[in-house]
Amino acid sequence: MKRLAGRYHRVWDRIARCFCDAVYPLKCLNCDLLFKRPPVTRTPDRSGQIVHDPKAPYTETMPAQLSSWICPRCLNAIQPIVSPKCSCCGLPFAGRQGEDHLCGNCHETPPVYGRACASGVYAGALRAAIHVYKYHGNFCLSKPLGRLLFWTYTHQYTHRHIDCIVPVPLHRKRLRTRGFNQSDLLVAEWPGLFSGVGDGLAEIPIYNDLIVRHRHTMPQQGLNRKERQRNIRDAFRIHAARRIEKKHVLLVDDVYTTGATLNECARVLFGNGALDVDVITLARVAAP
Ligand SMILES: [Zn+2]
Ligand SMILES: [Zn+2]
């Protein structure tokens, strides 16, 4: 009976998808090309979502999450951040040979945080997806992008002890204009995803009220490294600091450009008793 119901559900799901494809063809948010919905290769769960496998390789994770938004050609062009890269800030090096090592910037001025990781290079379709999500208020993208970020977390940080997750905050003025904090929404689904990781990992708390952006700053876009550092200096303070005393904090943001904002957050966290601070972002500028 259960099997029959499952088959019945799948048939209706296929009919519904064919109908949707005919009425609403998919349009690539990067190149505007109309494309056909890719076939479902994994079993949808009861809500119709593809079950997230945090251990799947990047080549499966990226299409599984973004194939309804980005055409196959643009998806293939997204560059994951792979070695060799900077062992501190995660900057990917142009040459494809050799070991991870410190980049020139980290060598000259070591960041305050310990280590930064990103899912992919901030270019092409990944940049377009983040842009549509952040500036056009397309909340639906928070789920696939958040899962992609979670995949990066499971591959980069599960072997490190993380006590809490802290999204980079927006100033209340910008929050009012934009209507949502893009970093906060990216991790909104994470508590439910932790159970899929296994390996005895307990659920890690997310503190989205821990860092307060008390000073309104001008946008960082268009500023160079030094100007960004000056612009963001003393813009944050910590609320209820006892939560991070002697704790390992994972800071979350959507894009890593020069790292000035994340570095300033890390400085304030350390100043309030954090033991370690690492960084994770969805994308990273390849050559700031
Ligand atoms: Zn495309
Ligand atoms: Zn570096």
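**Exercises on backbone geometry and core packing**

D32 lies in the loop between β1 (26-27) and β2 (34-35), strands here being DSSP runs of E with at least two residues and helices runs of H or I with at least four, numbered from the N terminus. The model is predicted: local features need pLDDT of at least 70, side-chain atom pairs count only at pLDDT 80 or more, and totals for chains, interfaces and linings use all residues. Residues are numbered from 1 along each chain as its sequence is written, while chains are lettered from A and ligands numbered from 1 in the order written.

**Exercise 1.** Determine the phi of D32 and decide whether D32 is buried or exposed.

*Solution.* Step 1: D32 is not a glycine, yet its phi is positive, about 70°. Step 2: D32 is exposed because 8 other C-beta atoms lie within 10 Å (buried: 20 or more; exposed: 12 or fewer; partly exposed in between; C-beta atoms placed from the backbone).

**Exercise 2.** Carry out the analysis for A240.

*Solution.* Step 1: A240 sits in the loop between β6 (236-238) and β7 (248-256). Step 2: its phi is near 55°, positive in a residue other than glycine. Step 3: with 10 other C-beta atoms within 10 Å, A240 is exposed.

**Exercise 3.** Locate the cis peptide bond that involves P84.

*Solution.* Step 1: the bond joins S83 and P84, with omega about 0°. Step 2: P84 belongs to the loop between α3 (72-77) and α4 (104-108).

**Exercise 4.** State which residues I70 touches.

*Solution.* Step 1: I70 is one of the residues touching the most other members of the largest nonpolar core, which has 59 residues (buried Ala, Val, Leu, Ile, Met, Phe, Trp, Tyr and Cys joined through C-beta atoms within 7 Å). Step 2: leaving out residues up to four places away in sequence, I70 touches C28, L29, N30, L75, A125 and A129.

Terms used: Contact = placed C-beta atoms within 7 Å.
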